Amino acid sequence: MPQSNTAVPKPIPKQRFLREMKQNGFLYLLTLPGILFFFVFSYVPMGGLVIAFQDYSMRYGIFGSRFNGVDNFKFLFQTGDIWRVTGNTLFLNILFILFTTLMSVFLAVLFSEVRSRGFKRITQSISILPNFVSWTVIALFLDAFIDPTTGMLAKWLARMGYPVDFYANAAVWPTLLVFLRIWQGAGYGAIVYIATIVGIDPQIYEAADIDGATRLQKIFRITIPILKPTIILMTLFGVGRIFYGDFGMIYALVGDNSLLFKTTDVIDTYVYRMMRMLRNYGMSAATGMFQSVLGFLFIMVVNWLARKLEPDSALF
Amino acid sequence: MVYPLSELTQNPQRRRRGDAVLDTAVHTLILVFCVLCLIPFIVAVSASFSSERTLLREGYSLLPVAFTTAAYDMLFSTRQIVDSYKVSLFVTVFGTVLSMVVTAMMAYPLSVKKLRYRGAISFFAYFTMLFNGGLVPTYMLISKYLGMRDTLWCMIIPVLVNPWNLFLLRNFFSAIPGELHESARIDGANDVRILWQIILPVSLPALATVSLFYAVAYWNQWFNAMLYIEDASKFPLQYLIMKMLRNIELLKQMSSQAGFAVDMSALPTTTTKMATAMVTIGPIIIAYPFAQKYFTSGLIVGSVKG
């Protein structure tokens, strides 16, 4: 099409679109595989949420299964399972966010107080290493500590007079999971705070020196207040995903050990079991939808609050 | 003698003593954390070199009990570990390359400010982080409608682009000074040449960082294998471990592959599991000292929201 309309002051959208394609067609072409990917693997499954309103059968598929209205949701709320798994998800995530943030900030402050570069580099490398180990391997490692007869921690506790059967005692798992989370992620989580501390203007510390501040005072009056926006932002990242359980972690560590479900069963593991063990696709999809919708509303509220209270910390 | 001004404002002796205490505390705490980080690795290595019988009797310890390489001998004489290693390697290498190509292709245009619809496309990708269809529709799509069951593709294609990595890379590209594009454009370079000869070469550290994130994710992946793979010759290493965690049957099968006439009670199940864990984290431990600086720099840029 000849470009004869360029003199028209306000081109209609279609012409504007064509001109943009002509000018930057190559760049748009580059984005196509990515767009296709997101369309197929993210947007198409959103459409697949109709399964939540079906009595889905593998044989008839999504187009042939019978619709049953909101029966799946009704049943879901009747069993009460949903409250237990949602409660566990929230509780565990709150613990994870709280303790890993605290530990990461603590580690970052410690690292920033080390002057020897060699010591800092080596110890920091070691503290980040567990982040690159998968939860399946961590589950094997854990066995060496909590196995009732051979585990080092279990044996030690028994010798101290507090025998704990970890694989049968659900009450100890939230604590155990928090420790594993810290072990796996605190060093890595510290990186972002270390970067913020490195970026602090040294003149602020020099001014504090002149005023006679001790190092502890500098930590509590300068470093930590300056870290505040970063802490809030990182916490919001975590809080935004508070309805999503860490399937990779929980399933690798707990698996199908129903003795531990009371404290460890989260929405994601519940959805998985409902699908793979019980083959109840409709209910499983309904649970997933409940999670997605709740998660979406929640992140919108969190972001709106962040924008109001601390605009720098808003997620988007 | 000239003291720095700060030294004069306070009793220097008291100050130095306080510093020494703080320094000791800081170093001690860091060392304790690092030791705690390393102990599980050490215990696992030791267990993998221990005799099964002694380990079961005496329990795990920091040093191998009754040193033996029996677990590794048993592991490497099976077909399973070789198959799984090949699968993991293929998925990691091929997946990382493919992911990088598609991610970089999408990230670059999203960093070009003149692009009219880049906001809309960014939102298209960003929204997938806020809302998703969940497990069941995805499972049906992949297994029933795309027919990826029992193919290696099911471990690559459905996780091809990670939106987090996409925006990380876009932020890297956006940070490249605009003058670089402009001068090239004035010299008559088109978009293809600008991308190929200017943007990509200056972005090598960023590309390395994102590649490493993808590579680790592919190497550590087992969820899709658990959902879609039933053929044991297509199990990646991580899923093999997952299977070992859950059932002893697999280990029995493997030992029969190995051609040992094994007495089941003497089957080195525990030590073999640990040996598999070692073999699985081996590449990460080896690559780690070289790759670590990229991981660090990557997270820092990634934390800058965009």
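Q: In chain B, what percentage of the contacts with a separation of 6 or more comes from residues 24 or more positions apart?
A: This is a predicted model, in which local features need pLDDT of at least 70 and side-chain atom pairs count only at pLDDT 80 or more, while totals for chains, interfaces and linings use all residues. Residues are numbered from 1 along each chain as its sequence is written, and chains are lettered from A and ligands numbered from 1 in the order in which they are written. Two residues are in contact if their C-beta atoms, placed from the backbone, lie within 7 Å. For chain B, the share from residues 24 or more positions apart is 71%.

Q: How many helices does chain B have?
A: Helices (H or I, at least four residues) and strands (E, at least two) are DSSP runs, numbered from the N terminus. Chain B has 0 strands. Its helices number 15.

Q: What percentage of the residues in chain B is buried?
A: A residue is buried if 20 or more other C-beta atoms, placed from the backbone, lie within 10 Å of its own, exposed if 12 or fewer, and partly exposed in between. Chain B has 306 residues. The buried share is 39%.

Q: Is B:A66 buried, exposed or partly exposed?
A: B:A66 sits in the loop between α3 (52–58) and α4 (70–76) of chain B. Its phi is positive, about 50 degrees, although it is not a glycine. Most residues other than glycine have a negative phi. Because B:A66 has 14 C-beta neighbours inside 10 Å, its class is partly exposed.

Q: Which loop of chain B holds B:D150?
A: B:D150, which is not a glycine, has a positive phi of about 55 degrees. With 14 other C-beta atoms within 10 Å, B:D150 is partly exposed. Its place is the loop between α7 (135–145) and α8 (163–174).

Q: How are α3(A) and α14(A) oriented to each other?
A: Helix α3 (residues 71–79) and helix α14 (residues 281–309) of chain A pack with axes 9 Å apart at about 75 degrees; axes are lines fitted to C-alpha atoms, for helices over the stretch in contact, and angles run from 0 to 180 degrees between N-to-C directions. Angles under 35 degrees count as roughly parallel, over 145 as roughly antiparallel, 65 to 115 as roughly perpendicular and the rest as oblique. The two helices are therefore roughly perpendicular.

Q: How many residues does chain B bring to the contact with chain A?
A: Chain A contributes 74 residues. Chain B contributes 77.
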